[in-house]
Amino acid sequence: MTLFWTRTWDALSGALFPTACVACGNLVSAHDPPLCQECWDRLPLIAGPVCTCGSPLPGADGEVCGRCRRGRSPILEGASLGAYAGPLRDCVVALKYGGRHRTATRLSVRLLESGRCRHILNASDVILGVPLHPDRERGRGFNQADLLARALARNCGLPVSRGLARTRNTRSQTALSAGDRRRNVRAAFAVRPDPLLEGAAVALVDDVTTTGATLRECAAVLLAGGAREVRSITVARAE
């Protein structure tokens, strides 16, 4: 579905089937759920200079963040829509825990409006969502990263790969320190045979990144498994 038809369907379905905005509770009657237009307008978007990896910088363009200074990242470039706060956090929670699957499509439209995200997709051959362990995906009923990857793919015309598997059911990263996060995801992923990945530039997609440990582990495994380069796209950054 093109961006034009996505927005047309948003307006029509919003008028016919109004729902409550997940951020403020106002009715969403003529624009795309799960937010009302006012809350979409106040997304905490990342503005100003960012590192190549996508982390906001306090200084000027051309600088690098502390994590990138401390070691070579397997991720060539990264981009995020905004901070994990306010209406953007409400969107992610609605998608991940509220079963609001259409949110993935609406967020993909916003990601495609970001110059950095569009640049990464233009430089990529294939899109891949960070996988959940099969037990966790069965329990949740879906993988939010895969929903986002497929929504982006529909709007930009790239193929979607499922050539990465989570082989170990890791603990939730939420309450872990940076070091524990790295150890938690170490050796937790493996490449599955997929001709789409051979020599490909991969756009790796997830909902939220904090330290980037999961994204870096996935990227390292993909490169070792035959991908040419890996870039990352996330909806939000939780610093």
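This is a predicted model: local features need pLDDT of at least 70, side-chain atom pairs count only at pLDDT 80 or more; totals for chains, interfaces and linings use all residues.
Reader: Thanks. Where is Leu76, then?

Author: Leu76 lies in the loop between H3 and E3.

Reader: Is Leu76 buried, partly exposed or exposed?

Author: Leu76 has a relative accessible area of 43%. Buried means under 20% and exposed means over 50%, so Leu76 is classed as partly exposed.

Reader: What does Leu76 contact, leaving aside its neighbours within four places in sequence?

Author: Its contacts are Thr52, Glu229, Val230 and Arg231.

Reader: Let's change topic. Which residues touch the most other members of the largest nonpolar core?

Author: They are Leu121, Ile127 and Val235, in a core of 31 residues. Elements giving two or more residues to this core include helix H6 (115–122) and strand E8 (229–237).

Reader: And which residues does Leu121 contact, again leaving out those within four places in sequence?

Author: Leu121 is in contact with Leu112, Ile127, Leu152, Cys156, Leu158, Ala203 and Ile233.

Reader: How much space is in the second largest pocket?

Author: The second largest pocket holds about 390 Å³. It is lined by 24 residues, and the closest to its centre are Arg67, Ser73, Thr211, Gly212 and Arg216.

Reader: Which element gives the largest share of that lining?

Author: Strand E8 does, with four residues. By type, the lining has nine nonpolar, nine polar and six charged residues.

How values were computed
Residues are numbered from 1 along each chain as its sequence is written. Side-chain values use heavy atoms; hydrogens and water are left out. A nonpolar core is a set of buried Ala, Val, Leu, Ile, Met, Phe, Trp, Tyr and Cys residues joined through side-chain atoms within 4.5 Å. Buried means under 20% relative accessible area, exposed over 50%, partly exposed in between (1.4 Å probe, protein chains only). Contact means heavy atoms within 4.5 Å. On a 1 Å grid over the protein atoms alone, a cavity is a set of points where a 1.4 Å probe fits but cannot get out, and a pocket is an open set with protein on both sides within 12 Å along at least five of seven lines; lining residues have an atom within 4 Å of a point. Grid points are joined across faces, edges and corners, and a volume is the space filled by probe spheres set on the points. Ala, Val, Leu, Ile, Met, Phe, Trp, Tyr, Cys and Pro count as nonpolar, Asp, Glu, Lys and Arg as charged, and the others, Gly among them, as polar.
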